[in-house]
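Student: I would like to learn how to read the features of a protein model. May we begin with a single residue and then proceed to the whole chain?

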Amino acid sequence: MSRFLNPAKIGLLALIELYTSKSVPTSSILDVLSFITSHLIDNDISSSASSSSDRWRRAENTVSLVVSISDFEKVLMPHTAASGIPGRSLWYAFLHKLWEIDSLDALHEFFDNCSTLLVKTKDELRQDAEIGIPPPAPDVIQLSRNSPFGAFVRRSQLEFTRLRFHDAIELWKDFVKYRQTTAAYYRKKTPAFQRLSFDTVLLAGESEWGSGVEAIASVVYGDMLKDDLNATMPVSTDDIEKLLEFQIDQMQKYGNRIPLEIRHQFHDLVMDSYMVPSLSHYLSYLEAWRAGDYATSFDYLHRYFDYTMHNRDKSFYQYALMNLAVLQADFGCHKEAIAAMLETVSTARENRDMTCLNFALNWLFHFGQARPEVTRELESKSQLGTGKESLAFLRSQAKETGTWSLFSSALMSSAKMCLSQGESVATALEYLVRSSQILVERNMNNMIGSQLSINIALWDRLGIAYLSATICEIFLQCHARHSIFDDGLKVTSRQASMLALKGKYDEALGKLESLDVDSLRAWKPSQYWHKFRGIIKLRRDLHHNNLDGAELLLSQLLQSKSEDLEPDLAFVIDTLHVDCLARRGNYEEAFTKVEKMIVELRDENKDIALRVRLLLLKAELLDKCGRSPKAFTIAVRATNVAWRARLIPYLWPAVGALANVLSSLGDFAPAIRLLHAVLPRSLECDNAAMTAKLYAHLGDAHVGLAGTMTSPPKSNQNKRREHLMKGVEAFEKAFNHYSSIEDVNKQCEMMAKKATIMKVAGDYALANDYAATYLALRRDAAQLKI
């Protein structure tokens with residue numbers, strides 16, 4: 001196997017020679033040059049790719065060109081040649097150039113003549129002038145030696161001169177076989193073409209050797225001119241290494257697995273090569289890792305770094321440890337991952353590898369934020385101090401070393417920490433703006449997904465759901481193709497969650513189904529995708545009161561250990577589990593689970609928004625148990641924390657819970673004033689369940705206030721009826737919001753309250769209508785269970 005040359009590169013050289021000889025018409029120059037350039041320059045076509053299949057097109061084109069000459073035919077057949085016989089296509093001119101190379105000697109002449117394609121040096125021009133050779137005419141096309149085409153021609157010449165005789169013969173045989181598929185077409189266009197025209201030595205000796213020429217041809221070429229199933233592909237080491245680097249770059253940049261078709265083609269190429277590069281072990285490691293095969297990925301990782309450290313004197317040992325730590329963390333071996341990453345820090349410090357050291361420290365910080373229970377003991381012994389001090393250190397280190405990706409990541413982590421600890425929103429915005437400036441100035445498109453994800457969370461916490469949804473759409477439309485698939489999956493899941501909160505379950509599931517199937521072949525994204533689909537279906541079953549189906553889904557979701565789940569998914573599953581227990585009437589177990597979750601969040605110092613959410617859940621459980629007054633302290637604390645941290649989506653429910661407690665204590669008028677203040681703002685959050693609950697509390701408060709007006713004066717009677725009608729109106733709005741999310745139990749509850757109020761008000765006809773609607777809802781609920 002040649003190190004650089006193969007038959008496809010000879011074809012590219014022939015095409016360049018056609019261009020310089022002005023055989024390519026002006027109208028066809030752009031197509032021809034684009035084709036040649038696409039195979040010579042490592043351009044990043046992924047920047048304009050809209051899907052994962054488009055990103056892998058370059059690898060497909062490279063393999064296709066190496067395997068078959070048909071790619072040249074697709075490009076050249078539609079164009080006519082500018083010289084030669086009129087009407088002949090450029091494809092024929094190209095084949096004529098290839099078939100002129102009719103012996104090993106002609107192949108040597110072809111490479112020797114490549115020098116004429118290049119601009120002559122000053123020394124060569126001076127020597128020509130001394131001999132009397134005139135300089136080339138101004139209209140002659142010659143290639144600059146430093147241009148992409150000129151560099152390719154010079155390297156091809158150099159590599160050919162370096163070939164041993166045996167390797168040159170193998171290149172010639174591969175070229176004959178590569179060109180042989182065009183013999184039928186060329187024979188039709190060229191009458192002088194004969195059976196042995198592929199080798200002029202055999203053709204010239206046919207008259208002398210007679211029938212023995214067949215035996216000589218079989219000795220020289222074997223069965224390669226026939227369809228030999230065991231024949232190898234004409235691939236060079238350069239092609240293998242470029243394909244390896246491209247595939248590894250794509251997998252690391254976008255987090256996808258290799259498409260099956262390309263994987264099989266590349267496997268065939270590697271098997272046909274005499275030497276397997278050590279980088280192929282790293283590619284196999286990435287593929288096994290993305291596929292979720294721990295044992296295989298572990299084996300290939302060790303194999304790759306065994307080769308690497310043997311050849312590079314162990315200067316890359318810290319990167320082996322770093323890859324090992326990331327691998328073990330992904331497969332749930334958290335203590336082993338921490339140990340490996342700490343050793344990475346020590347080794348990188350010894351080798352003075354600041355890039356690796358900064359990455360390892362950044363990884364340890366993020367891992368500690370995601371899994372505080374694992375790193376608690378480590379933090380107590382650490383000299384870095386708190387998370388803020390660690391981030392300040394990382395920011396200063398990144399700025400000093402010019403590691404802009406780490407600097408931007410540290411700024412985003414600072415913004416995320418501000419939000420999770422309930423600190424100033426303005427400070428968080430400042431960090432995000434500084435991070436965004438770095439991303440724009442340094443053109444780091446692959447990190448925009450992480451930055452916009454924090455923006456989405458920020459606007460969501462501020463209760464402006466429309467902006468969150470808009471940023472989601474902007475990312476998916478404009479930036480998803482530059483980011484890793486995990487970012488696109490998370491943002492799409494956030495969109496689906498927003499739709500589910502509005503009751504659009506089918507549309508939410510459709511969003512998830514629209515994701516690229518090939519990208520979902522990776523293990524972790526596939527697990528996340530399946531679990532999130534399960535969460536949306538679980539939420540729908542709970543609202544449909546299909547508790548049997550909900551418990552089946554819960555049993556599947558709860559089978560995963562907490563460390564195997566993403567932290568955000570684990571919390572959502574736990575809260576839905578509490579909701580299911582409450583709907584079953586198992587309040588004691590639900591209350592115990594909530595208390596356990598509160599203790600865990602307090603110990604791990606996790607996001608303050610999660611703690612407020614659990615306080616509201618606890619107050620809601622007390623209300624369902626008929627002990628609303630006991631929730632007063634909890635509601636006040638939740639309101640206070642949500643207001644200080646500007647957690648708007650939790651502030652309005654907290655105020656609603658406080659108003660509900662006031663209603664249970666008989667303070668209906670203050671409860672009504674509180675609810676009137678928060679209801680308009682709650683509509684901005686696009687959370688139908690929250691708004692419906694606030695309207696239900698408002699209806700209860702109005703009905704309670706009407707119940708205090710029992711004295712006989714007519715004015716009291718009018719006010720009493722007025723508050724009853726306001727209660728009916730509030731219950732009607734609550735019913736509409738509950739209908740949008742298809743919460744059957746709450747729909748029935750609101751309709752029962754309306755029927756009761758109308759009966760008390762003396763409107764028996766309307767009360768009967770509401771009662772009939774209530775019964776119809778119950779029947780529909782029973783059908784939904786089926």
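Student: Where is Ser 628 placed?

Tutor: Ser 628 is in the loop between α33 (608-624) and α34 (632-644). Helices (H or I, at least four residues) and strands (E, at least two) are DSSP runs, numbered from the N terminus. Please note that this is a predicted model, in which local features need pLDDT of at least 70, side-chain atom pairs count only at pLDDT 80 or more, and totals for chains, interfaces and linings use all residues. Residues are numbered from 1 along each chain as its sequence is written, and side-chain values use heavy atoms, with hydrogens and water left out.

Student: Is Ser 628 buried or exposed?

Tutor: One reads the relative accessible area: buried means under 20%, exposed over 50%, and partly exposed in between (1.4 Å probe, protein chains only). Ser 628 has a relative accessible area of 7%, so it is buried.

Student: With which residues is Ser 628 in contact, leaving aside its neighbours within four places in sequence?

Tutor: A contact requires heavy atoms within 4.5 Å. With neighbours within four places in sequence left aside, Ser 628 is in contact with Leu 622, Asp 623, Asn 660, Val 661 and Ser 664.

Student: How should I read a polar contact, and which residue meets the side chain of Gln 157 in one?

Tutor: A polar contact is a pair of N or O atoms within 3.5 Å; within protein, one must be able to donate a hydrogen and the other to accept it, and residues adjacent in sequence count only if both atoms are side-chain atoms. Here the side chain of Gln 157 makes such a contact with the side chain of Ser 115, at 2.7 Å. Gln 157 belongs to helix α9 (residues 148-162) and counts as buried because its relative accessibility is 18%.

Student: What does a salt bridge show, and how many are found in the whole structure?

Tutor: Side chains of opposite charge can pair when their charged atoms come close. The criterion is a side-chain nitrogen of Lys or Arg within 4 Å of a carboxyl oxygen of Asp or Glu. A search of the whole structure finds 31 salt bridges. In one of them, Arg 257 pairs with Glu 287, the closest N and O atoms being 2.8 Å apart. Arg 257 lies in the loop between α14 (237-254) and α15 (260-272) and Glu 287 in helix α16 (residues 279-291), so the pair ties together parts that are 30 residues apart in sequence. Both Arg 257 and Glu 287 are buried.

Student: Is Arg 164, which forms a salt bridge with Asp 167, buried or exposed?

Tutor: Arg 164 is exposed, because its relative accessible area is 59%. Asp 167, by contrast, is buried at 14%. Their side chains meet at 3.1 Å, N to O.

Student: How many helices and strands does the protein have?

Tutor: The protein has 40 helices and 0 strands. Of its 786 residues, 48% count as buried. Among contacts between residues at least 6 apart in sequence, 67% join residues at least 24 apart.
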